[in-house]
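Work through the two exercises below with the model open. Try each task before reading its solution.

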Amino acid sequence: AVCCVVRNRLAIGMDHGLVGMQRSDLTLFIKHNYEVRDQAFEAIEHIFKYNGPDITNGALFYESIDFIKDFKQWSKDKVILAHIGKHYFYNYRRK
């Protein structure tokens, strides 16, 4: 689902938006967990190379439900398009 968001963002000229990928604890986790890394590469290939379906309904943003209480202000002008696993997927609220 996160790969879908990246593809949606790139398709309209936005940057990839993966600031969370720069977290040192996440980088360390991925380095030590090759199975997760391999699954991530498979997901990227499926979405980009094989043009997989957009299961987020066109979302441009996402966040973990574990952090939602910290991002209420951030998400107030957005509408939830999908809830997949432990993530919400958003787009701008239409005016």
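Predicted model: local features only at pLDDT ≥ 70, side-chain atom pairs only at ≥ 80, totals over all residues.

Residues are numbered from 1 along each chain as its sequence is written, and side-chain values use heavy atoms, with hydrogens and water left out.

**Exercise 1.** Work out in which order the three strands form the open sheet.

Solution. 
- Step 1. Strands are DSSP runs of E with at least two residues, and helices are runs of H or I with at least four, both numbered from the N terminus.
- Step 2. Two strands pair if DSSP finds at least two bridges between them. Strand 1 and strand 3 (residues 87-92) are joined by four bridges, in the antiparallel sense.
- Step 3. The order in the open sheet is 1-3-2, with antiparallel pairing.
- Step 4. Strand 1 (61-64) and strand 2 (78-84) each have a single partner strand, so one side of each has no neighbour in the sheet.

**Exercise 2.** Decide whether Asn91 is buried or exposed, and find what its side chain reaches.

Solution. 
- Step 1. Asn91 is part of strand 3.
- Step 2. Buried means under 20% relative accessible area, exposed over 50%, and partly exposed in between (1.4 Å probe, protein chains only). Asn91 has 19% relative accessibility, so Asn91 counts as buried.
- Step 3. The backbone oxygen of Gly58 is reached by the side chain of Asn91 at 3.1 Å.

How values were computed. Polar contact = N/O pair within 3.5 Å; in protein donor to acceptor, adjacent residues only side chain to side chain.
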